[in-house]
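Me: I'm new to this one and would like to learn how to read an interface. Could you walk me through it?

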Amino acid sequence: MAKTKEKEIIVRKPIDNVITLILALLSLLWIYPVVMIIFNSLKVESAISTDKIFSLPIGEAFNGVANYIHGVQQMDFLQSFWYSLVITVSSVVLIILCCSMCAWYVSRVNSLVAKCIYYLCVFSMVVPFQMVMFTLSKTADSLKLNTPYNICIIYLGFGAGLAVFMFTGFMKSMPLEIEEAAMIDGCNPLQIFFKVVLPITKPTVISTAILETMWVWNDYLLPTLVLDIKKYKTIPMNIQYFRGSYGSVQMGAMMACIVITIIPIIVLYLVCQKYIIEGVVAGAVKG
Amino acid sequence: MEKAIKKYWIIFILPTMAAFLIGFVWPFIWGIYLSLNKFQTLKKVEFVGFSNYIKVFQDETFLHAFWFTALFTLVSTIVINVLAFAVAMLLTRKIRGTNVFRTVFFMPNLIGGIVLGYIWQSLLNGLLYIWDKPLLALSATEGFWGLVILMGWQQIGYMMIIYIAGLQNVSPDLIEAAQIDGASAWDVLKHVKIPMVMPSITICTFLTLTNSFKLFDQNLSLTGGEPAKNTQMLALNIYDTYYARSGAQWKGIGQAKAVVFFVIVVAISLIQLKFTRSKEVQA
């Protein structure tokens with residue numbers, strides 16, 4: 001095949017430079033809140049009051065990393081980080097594994113049960129969490145699913161809707177021939193699923209994993225109601241608790257903890273940006 | 001093949017369905033049942049029929065929260081979608097720095113609602129102080145616009161990504177054909193681009209509508225409902241009824257509120273989908 005790949009010629013008009021400038025200013029406005037928090041996390045307590053929130057961490061106001069040390073110690077932050085990590089990783093892995101299997105069953109079996117499962121999942125996506133918050137937390141309590149190490153089962157239950165929906169959408173468009181060929185070659189359904197179907201589904205696995213991670217990592221209300229707040233605090237719970245429990249909140253420590261919370265997410269985002277944005281688009285198209 | 005898969009149902013669907021039953025189906029059914037009861041602990045549940053629902057509509061905080069939420073949803077849906085679409089239009093012009101801008105605008109989505117609320121509380125209170133205006137906790141108007149700004153900051157990037165994907169799918173031939181026919185830039189936008197990205201508009205309005213209506217974390221952390229429950233939205237009102245009000249009747253009423261809330265959310269979703277779907281066209 002001849003190489004006829006045309007190089008796209010981009011003609012830039014003067015107005016495009018103006019647009020670039022406007023967008024650049026807008027971008028600065030967009031990053032500013034995060035930058036402001038970073039600045040404030042480096043300041044002494046007296047320089048973080050409402051009237052001085054915009055001042056820079058220079059001169060006497062500069063406090064080095066003292067707020068970070070103070071915040072991490074006082075809030076038991078590393079513990080929270082661990083709980084958040086355990087919950088997120090276990091939930092997302094479980095959701096991806098179980099829901100992709102369930103979705104394959106739903107998309108390949110033509111029965112009333114399969115249809116019911118599918119429509120129940122779609123339905124569950126619309127239901128607001130407040131509808132089930134009390135009964136769900138009581139159910140979790142009585143089944144002892146109230147520690148960071150097994151709350152993933154609750155997340156699987158409440159997050160199944162979106163995941164099954166997204167996987168089914170993709171799997172319905174997959175050609176049956178490959179699976180049938182594997183079957184004739186002597187694979188049982190489990191082997192077909194893990195050796196043939198799952199590898200093809202990889203793009204959807206990534207997008208679903210990203211959407212579910214964003215949800216579980218940032219979720220506040222579900223862990224608050226299900227976990228015992230005295231024993232286990234995830235990061236969002238910790239920040240809310242810290243805020244509520246002190247008469248005068250120690251803003252410096254608070255800001256430092258917020259920075260520690262968002263920096264890893266932003267770094268992760270910059271590294272796998274491409275997948276995250278594709279995941280969002282894929283999620284939306286299925287929706 | 002179907003038969004073979006069916007035999008393996010215990011492995012394929014049982015785990016998900018068991019969890020789904022625990023995490024959704026059972027709490028949902030139980031929740032509907034409890035909305036018809038008066039209870040404080042689960043040991044003493046007393047059937048009271050629909051009287052909880054009557055009390056829901058007599059509760060002024062709920063009615064106020066409803067109008068506040070409705071207004072907020074309307075304003076934020078319009079603001080977010082118009083701005084996200086505008087930015088998406090600019091970013092599909094192949095200008096310099098497109099990728100950087102896209103990265104920056106999307107970033108706030110990764111930060112959780114609780115954290116976002118506190119970031120903006122500090123920032124907005126700082127600004128209000130400079131402008132000599134009442135702080136967020138003292139004025140419902142400021143609280144309202146604070147929530148709109150916060151939601152905009154968070155969601156514009158997300159919707160922008162979806163609009164960009166939609167706009168990139170509009171065939172250049174179609175636009176060229178319109179231009180040859182003498183269409184102005186405005187005509188192209190109105191008669192070609194917008195009809196062609198209608199599926200994206202459907203999704204984005206659906207997402208912004210439901211996200212705004214169900215907003216909880218940001219509401220809790222930015223204003224906490226202050227002053228005097230005036231900026232309380234429905235989700236927070238339900239939570240507050242459940243866990244913060246003392247009195248034997250409130251849990252039942254809270255559950256009834258949740259059922260009402262659920263019905264409203266479903267109704268809005270269905271109406272919206274029907275409305276925008278009817279405007280979609282085939283190229």
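Reply: Gladly! Keep in mind that this is a predicted model. The size of an interface is often given as the accessible area lost when the parts come together. Here, chain A and chain B bury about 8,400 Å² between them, and 79% of that is on carbon and sulfur atoms.

Me: Which three residues supply more of the area that chain A buries against chain B than any other three?

Reply: They are A:W30, A:M131 and A:F134, which together supply 10% of it. The contact as a whole takes in 97 residues of chain A and 87 residues of chain B.

Me: How many salt bridges are there between chain A and chain B?

Reply: The count is one. It joins the side chains of A:D16 and B:R93, at 2.9 Å from N to O. Helix α1 of chain A (residues 14-41) gives the largest share of chain A's side, with 17 residues. Sorted by class, that side has 71 nonpolar, 17 polar and nine charged residues.

Me: What about inside chain A: into which domains is it divided?

Reply: Domain 1 covers 14-64 and domain 2 covers 74-286. Their centres, taken over C-alpha atoms, are 33 Å apart. Eight residues from domain 1 and eleven residues from domain 2 take part in the contact.

Me: How is the area buried between these two domains made up?

Reply: It comes to about 710 Å², with 82% given by carbon and sulfur atoms. On the domain 1 side, A:I37, A:S41 and A:E45 supply 55% of the buried area.

Note on methods: Residues numbered from 1 in each chain as written. Chains lettered and ligands numbered in written order. Predicted model: local features only at pLDDT ≥ 70, side-chain atom pairs only at ≥ 80, totals over all residues. Heavy atoms only, no water. Contact = heavy atoms within 4.5 Å. Buried area = accessible area lost by both parts, 1.4 Å probe. Salt bridge = Lys/Arg side-chain N within 4 Å of Asp/Glu carboxyl O. Helix = DSSP H or I, 4+ residues; strand = E, 2+ residues; numbered from the N terminus. Nonpolar A, V, L, I, M, F, W, Y, C, P; charged D, E, K, R; others polar. Domains from an automatic or database assignment.
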